[in-house]
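Trainee: Please take a close look at the charged side chains in this model. I want to know where they sit, what they pair with and what surrounds them.

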Amino acid sequence: MTFAYEPKKNRANMRYTQMYGMVNHGIQSLIEENFGTDDWVQICEKAGIETDHFEGLLSYPDEITYTLVDIISKRYEMGTDEVLRVFGEYWIQFSSDSSIARLLKISKKNSLQENLEALNDMHDRIKLSLPHLRPPYFDYEKGEDGVDKLHYGSEREGMEPMVIGLIYGLAKETGERVEVSIDPRPAYDDIRTTFSLRYVSGIWQK
């Protein structure tokens with residue numbers, strides 16, 4: 001499958017928050033595993049980043065993450081949304097093997113629904129170490145028509161593809177199959193996005 005590059009979005013008026021360094025470290029790991037350390041070094045140089053190592057529990061401006069995603073999308077001719085989706089799926093295994101795995105408490109014994117419902121508690125635990133961070137908010141709603149809803153609130157723009165990747169990554173961990181789509185408009189005024197989740201038969205082939 002070929003992905004066309006999507007032009008960089010205009011983020012001049014965005015208010016950047018802080019993101020913990022493990023996210024950027026995860027991006028580093030994704031690139032080094034698939035393309036090598038030399039590629040990562042060149043990406044950092046292009047981004048104007050002085051160090052190629054991010055401390056997991058230190059915070060960094062969101063602008064760094066957005067810049068890395070933009071450069072990676074250009075370098076590998078992928079849309080920025082696709083970069084975020086791939087990274088979101090990769091993040092699940094990467095974070096499970098990390099030093100904060102105990103905070104994540106992602107379990108293959110749990111269902112996808114249980115893990116998604118636990119996301120807010122996970123972020124609350126992380127905020128004990130990084131109280132100034134502003135994590136996203138999730139609300140899982142069981143649907144009567146067989147389609148469940150995941151309501152997503154965040155101060156950050158454009159991160160929905162990463163959330164989709166996270167959902168697929170969690171589904172692989174629990175052995176479930178799910179189809180994810182974004183609703184045309186959020187279900188409530190105080191959230192950013194509502195995702196529809198439809199569970200389908202079969203399991204992921206690992």
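Mentor: Start with a cut-off. A residue is exposed if its relative accessible area is over 50%, buried if under 20%, and partly exposed in between. Keep in mind that the model is predicted.

Now use the cut-off on a pair. Lys142 has 55% relative accessibility, so Lys142 counts as exposed. Asp148 has a relative accessible area of 1%, so Asp148 is buried. The two side chains meet in a salt bridge, at 3.2 Å from N to O. Side chains of opposite charge can pair when their charged atoms come close.

Strand E4 covers 147–153. E4 pairs with strand E6, residues 193–200, in the antiparallel sense. That pairing runs over 6 bridges. Asp148 has Leu197 in E6 as its bridge partner. E6 also pairs with strand E5, residues 177–182. That pairing is antiparallel too, over 6 bridges. There, Val178 stands opposite Tyr199 in E6. In a regular strand the side chains alternate between the two faces of the sheet.

Strand E5 also holds Ile182. Its relative accessibility is 42%, so Ile182 counts as partly exposed. Ile182 and Leu150 lie 32 residues apart in sequence. Their C-alpha atoms are 9.6 Å apart in space.

Go back to the charges. The count comes to 8 salt bridges. One of them joins Arg85 and Glu82, at 3.0 Å from N to O. These residues are 3 apart in helix H4, residues 80–96, so about one helical turn separates them. Arg85 is partly exposed, because its relative accessible area is 25%. Glu82 has 16%, so Glu82 is buried.

Helix H4 also reaches out to another helix. Glu89 forms a salt bridge with Lys172, and the closest N and O atoms are 2.4 Å apart. Glu89 lies in H4 and Lys172 in helix H8, residues 160–174, so the pair ties together parts that are 83 residues apart in sequence. Lys172 counts as partly exposed, because its relative accessibility is 28%.

Now join these pairs. Salt bridges with shared partners link Glu82, Arg85, Glu89 and Lys172 into one network.

Glu144 is in the loop between E3 and E4. With 86% relative accessibility, Glu144 counts as exposed.

The chain has 206 residues, and buried residues make up 45% of them. Its secondary structure comes to 8 helices and 6 strands. From the N terminus, the order is β-α-α-β-α-α-α-α-α-β-β-α-β-β.

Step across from Asp148 to Leu197 in E6. Then go to the network of Glu82, Arg85, Glu89 and Lys172.

How values were computed. Residues numbered from 1 in each chain as written. Predicted model: local features only at pLDDT ≥ 70, side-chain atom pairs only at ≥ 80, totals over all residues. Heavy atoms only, no water. Helix = DSSP H or I, 4+ residues; strand = E, 2+ residues; numbered from the N terminus. Buried < 20%, exposed > 50% of the residue type's maximum accessible area, 1.4 Å probe, protein only. Pairing = 2+ DSSP bridges. Salt bridge = Lys/Arg side-chain N within 4 Å of Asp/Glu carboxyl O.
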